[in-house]
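Dear colleague,

I am handing over the structure we spoke about, and I would be glad if you would look through it with the notes below beside you.

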Amino acid sequence: MLFLAAHVSRSFPQGDDSLTALDDVTLIVREHEYVAIAGPSGGGKSTLLNVLGLLDGEFSGHLEFRNQKVHGLSARERAALRLAGIGIVFQRFHLLPMLDVRDNVALPNWRLHGARRRARARAEELLAQMKLGHRLRHDPSRLSGGEMQRVAIARALVNDPPVLLADEPTGNLDASNTRAVLRIFDELAEAGRTLVVISHNPEVVTRAKRVLVLHHGKVTVDVPVGQIMEPRFNPWSTLSGTQPPREGA
């Protein structure tokens, strides 16, 4: 398995009190799964992705990534593990304005292997696959939103990680670019890449094979995606965090 989380909780200071963003979350993500995480704003989705992505180490409970215990690792140790094994795509792209498109994509590979020529060759290969070979030397500011997200996906894949995490990857895109990103995710899943995608959008969520819903920091639904579309579930209310009806209710 790729991720094993057991009784994971995460709280943040809020004045004299604290806000619990994750509350005793237990889950497994296996290799080659395509998992969507849905739920209302403030439900804990992005916090969970930050924990799974080894960006946030200030949680309690047990977390393993590829059978390695994560809790207690230093920030540098988590960064090294993430660089080699996890690709992350953010809603706001986070491209570096001082680097051109090719070097934005190449940077993680350069950091991992220390070889600029190799990193740039890998970046050019991925950008060609994303139909952005003509944009290699452009500044990120000259790209459309859809192009920037494809660059961000290429960057997340440059070290060939076994898992791709995506936080609202279509949140800033129009319908056409959303479909383009979802086609890329479909192709990655079909090729065996593990995907964990956070979204409010049922069109995004229902492309996955398994859906988890987080509500007030707890996993309230964990089912194959086909069950979300069954009559006993209302996909819109379920994905926004409304509790599904119980069996026999």
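What follows is a description of the confidence, the helix packing and the strands, in that order.

Please keep in mind that this is a predicted model. The protein chain has an average pLDDT of 91, and 92% of the residues score at least 70. The stretch to treat with caution is residues 242-249, where the pLDDT is below 50, although in the model this stretch still has 7 contacts beyond near neighbours in sequence.

Much of what I found concerns helix H5 (residues 145-157) and the helices that pack against it. Two packed helices are described by the angle between their axes and by the distance between those axes, and I have followed that scheme here.

With helix H3 (residues 101-113), the axes come within 7 Å and cross at roughly 30°, and H3 and H5 are therefore roughly parallel to each other. H3 passes H5 in a right-handed crossing. On the H3 side the contact is made by Val 101, Asn 104, Val 105 and Pro 108, which meet Val 151, Ala 154 and Arg 155 of H5.

The crossing of H5 and H6 is right-handed. In H5 the residues involved are Gly 146, Gln 149, Arg 150, Ile 153 and Leu 157, and they meet Asn 177, Val 181, Ile 184, Phe 185 and Leu 188 in H6. This contact comprises 6 nonpolar, 3 polar and 1 charged residues.

Turning to the strands, 4 of them form an open sheet in the order S2-S1-S4-S5, with antiparallel pairing. Strand S2 (17-29) and strand S5 (68-69) stand at the edges with a single partner strand each, so one side of each is left without a neighbour in the sheet. Strand S4 (residues 60-65) is joined to S5 by 2 bridges, and in one of these pairings Glu 64 has Lys 69 in S5 as its bridge partner. Helix H1 (residues 45-52) lies across strand S1 (3-14), S2 and S4, and runs at about 60° to S2.

Strand S9 (residues 210-215) and strand S10 (residues 218-224) run antiparallel and are joined by 6 bridges, with Leu 212 standing opposite Asp 222 in S10. These two strands form a hairpin with 2 residues between them, and His 216 in the turn has a positive phi of about 50°.

Technical notes
Residues are numbered from 1 along each chain as its sequence is written. This is a predicted model: local features need pLDDT of at least 70, side-chain atom pairs count only at pLDDT 80 or more; totals for chains, interfaces and linings use all residues. Side-chain values use heavy atoms; hydrogens and water are left out. Axes are lines fitted to C-alpha atoms, for helices over the stretch in contact, and angles run from 0 to 180 degrees between N-to-C directions. pLDDT is the predictor's confidence in each residue, from 0 to 100. Contact means heavy atoms within 4.5 Å. Two strands pair if DSSP finds at least two bridges between them. A crossing is left-handed if the near helix is turned anticlockwise from the far one by less than a right angle, and right-handed if clockwise. Ala, Val, Leu, Ile, Met, Phe, Trp, Tyr, Cys and Pro count as nonpolar, Asp, Glu, Lys and Arg as charged, and the others, Gly among them, as polar. Angles under 35 degrees count as roughly parallel, over 145 as roughly antiparallel, 65 to 115 as roughly perpendicular and the rest as oblique.
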